[in-house]
Amino acid sequence: MHVAVIGGTGEEGFGLTLQLARAGHHVTIGSRSAEKGAGRAAEARALVGGDATIDGTTNEEAATTDGVVVVTVPFEGQAEIYRAIKPSVTAGSIVLDATSPLATAVGGRAWQVVRPWHGSAAEQADAILSQGVRTVAAFHTIAGHELQQLERPLESDVLVCGDDPEAKAVVGSLVQDIPDLRWVDCGALSMARIAETMTALLISVNRTYKVRGAGFRIVGRDAWGDPRT
């Protein structure tokens, strides 16, 4: 699959780039600067090795993919980024939003949250994008620095929210391509109002116990994934 990672030069986006490229996907890193995107792509190819297919360009150019558009940007710049890529994202496209509305966007603490007008960052993104784009929220509880540790098992579940079951299943397939990750269908896109705040909760846990890799596992059955199967 072709995956565009908007904000792929940042910690979370770069980690997802490494993991998905290692799984065999063609990943395009998007950046405000084509040169910066290309530079980070070269770094990623060196880290993944083999015949990894990773390139870099501007956010707008990357978003033209016919695959999945992944957006991993800080909340303070999210609306601006979505307005910039909106003309590139066509109806029917799947957009995976991983934004967490942390209070750092307004000068607060990383373990505090703000409440977007639309209810969640993912719903804000969905409101900005053209009608017919299928928005899915995921990866809020997987730390970027942990994603970059290719030799270390992640052992976490990814909470996936969205209104389109097929789009969630596509995102879920990407999750399953990352070793030791599972995905859990958490329901409608509006459930992102809860899932996004879990980032702040984990930051607080990490801070309390002086660790970096706290995560979640959902118990109750042997496997999760697509509830339609």
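This is a predicted model: local features need pLDDT of at least 70, side-chain atom pairs count only at pLDDT 80 or more; totals for chains, interfaces and linings use all residues.
## Strand S4 and its partners

Strand S4 covers residues 68–71, with Val68 and Val70 pointing one way and Val69 and Val71 the other way, and all of these residues are buried. Strand S1, residues 2–6, runs parallel to S4 and is joined to S4 by four bridges, while strand S5, residues 94–97, is likewise parallel to S4 and joined to S4 by four bridges.

Val71 has a bridge partner in each of these strands: Ile6 pairs with Val71 in S4, and the partner of Val71 in S5 is Asp97. Helix H4, residues 75–85, belongs with S4 and S5 to a β-α-β unit, which is right-handed.

## The largest pocket

The largest pocket holds about 620 Å³ of space. Its lining comprises 27 residues, of which Glu11, Glu12, Leu102, Gly144 and Thr199 are the closest to the centre. By class, the lining of the largest pocket has 12 nonpolar, 12 polar and three charged residues.

At least two lining residues come from each of helix H1 (11–22), H4, helix H6 (144–147) and helix H9 (198–209), and the greatest contribution is that of H9, with four residues.

## The second largest pocket

For the second largest pocket the volume is about 170 Å³, and its lining includes Gly7, Thr9, Arg32, Lys36, Asn59, Thr72, Val73 and Pro74. Strand S2 (26–31) and H4 are the elements that supply two or more residues to this lining, which divides into three nonpolar, seven polar and two charged residues.

Notes
Residues are numbered from 1 along each chain as its sequence is written. Side-chain values use heavy atoms; hydrogens and water are left out. Buried means under 20% relative accessible area, exposed over 50%, partly exposed in between (1.4 Å probe, protein chains only). Two strands pair if DSSP finds at least two bridges between them. A crossover is right-handed if, with the strands pointing away from the viewer, the path from the first strand over the helix to the second runs clockwise. On a 1 Å grid over the protein atoms alone, a cavity is a set of points where a 1.4 Å probe fits but cannot get out, and a pocket is an open set with protein on both sides within 12 Å along at least five of seven lines; lining residues have an atom within 4 Å of a point. Grid points are joined across faces, edges and corners, and a volume is the space filled by probe spheres set on the points. Ala, Val, Leu, Ile, Met, Phe, Trp, Tyr, Cys and Pro count as nonpolar, Asp, Glu, Lys and Arg as charged, and the others, Gly among them, as polar.
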